[in-house]
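User: Please go through this structure with me, one question at a time.
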Amino acid sequence: MSINKSYIYGPVPSRRLGFSLGLDLVPYKTCSYDCIYCQLGKTTNKTVERKEYVNKDIILSQLDEVLKCDEQIDYITFSGSGEPTLNSSIGDLIKEIKKMTQIKVAVLTNGSLLSDGKIRYELNPADLVVPSLDAALQTTFERINRSDSSIEFDRMVNGLLKFREEFKGLIWLEVMLIKGINDTIKEIGLFKSIISKIVPDKIHLNTVVRPPTEKYCLPVPEDELTRFKSFFGKNCEIIAESRISSKRRKRKDLGNKILGLIGRRPCTLSDISTSLSVHPNEVIKYLDILQKDNKIIYVEFGEKGYYKPV
Ligand code: SF4
């Protein structure tokens, strides 16, 4: 079991989910994928082994405490720093949370384990599931997602199709487009054909906007994203430029703390998260805001990326 201090972070402002309270069910970078664009760095524990990485009673008791604070929360979101469906208690957790509160429950997943009927069943009580689909071809899948060797592209896609048949809630399919890797005319056409079978409620086009694990991962330009959006049809949205309105800038103090810290010395994401005892996913949101306000910049040195004041 992980010894992480807190499995709950936020609520963090999110364009798609409003104020989202994050629940992290696995230790840092425990994932079935090692995506080249991952903003959290290389996967350190690539696995498909399901177990109770974090005890569900601890999560529920921490959640109970947060809910008592009466903060604005629009979604309780299973996301975090790895693949949440790897936690074998995810189904029980969703059921228990639905008993505790009326707040909607969302699951952000890479979708790799939806070929398993048990996992599809466990996600059923959620209100919203946001799976990823980053490739329309086996070769591109291998290049981008660098999955555990037991995961096959066709089975993964089939899992998404079956999930659509069984799940009664909303499915927003996220497609991460990377320049020169999965944005060819051929691949985009194949994406459309697969997505037309999945019939998600929304298609969310994303591209590389935060420092990726691999430097060669480049964003698809905005005008091309706009063309792809029209090609995919009316339920497609571009989420790449997720500017957070000032109304949603909840924790000014956190922004200031980050500025204070990196003012002393340039820091990596992990340095900031550890020094301030704040979950990396929450730190990332505030780094975004500070970058957009031109207060900080991201620089690479050797194998690592650092944030420092402008
Ligand atoms: S699935 Fe998510 S957490 Fe896992 S490597 Fe890919 S982007 Fe990172």
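User: Which residues are around the ligand?

Analyst: This is a predicted model, in which local features need pLDDT of at least 70, side-chain atom pairs count only at pLDDT 80 or more, and totals for chains, interfaces and linings use all residues. Residues are numbered from 1 along each chain as its sequence is written. A residue is near a molecule if its C-beta atom, placed from the backbone, lies within 6 Å of it. The residues around the ligand are C31, Y33, D34, C35, C38, L40, T43, G82, E83 and N110.

User: Which residues of helix α4 are buried?

Analyst: Helices are DSSP runs of H or I with at least four residues, numbered from the N terminus, and α4 spans residues 138-145. Buried means that 20 or more other C-beta atoms, placed from the backbone, lie within 10 Å of the residue's own. The buried residues of α4 are F141, I144 and N145.

User: Why are they on the same side of α4?

Analyst: The arc is that of the directions from the helix axis to the C-beta atoms. F141, I144 and N145 are the buried residues in question. They lie on the same side of α4 because they cover an arc of only 80° around the axis.

User: Which residue after α10 has a positive phi?

Analyst: Helix α10 covers residues 280-292, and its buried residues include P280 and Y286. Just after α10, a positive phi of about 55° is taken by N294.

User: What share of the protein chain is buried?

Analyst: The protein chain has 310 residues. Those that count as buried make up 41%.

How values were computed: A residue is buried if 20 or more other C-beta atoms lie within 10 Å of its own, exposed if 12 or fewer, and partly exposed in between; C-beta atoms are placed from the backbone. Helices (H or I, at least four residues) and strands (E, at least two) are DSSP runs, numbered from the N terminus. The expected span of a helix is 1.5 Å times one less than its number of residues.
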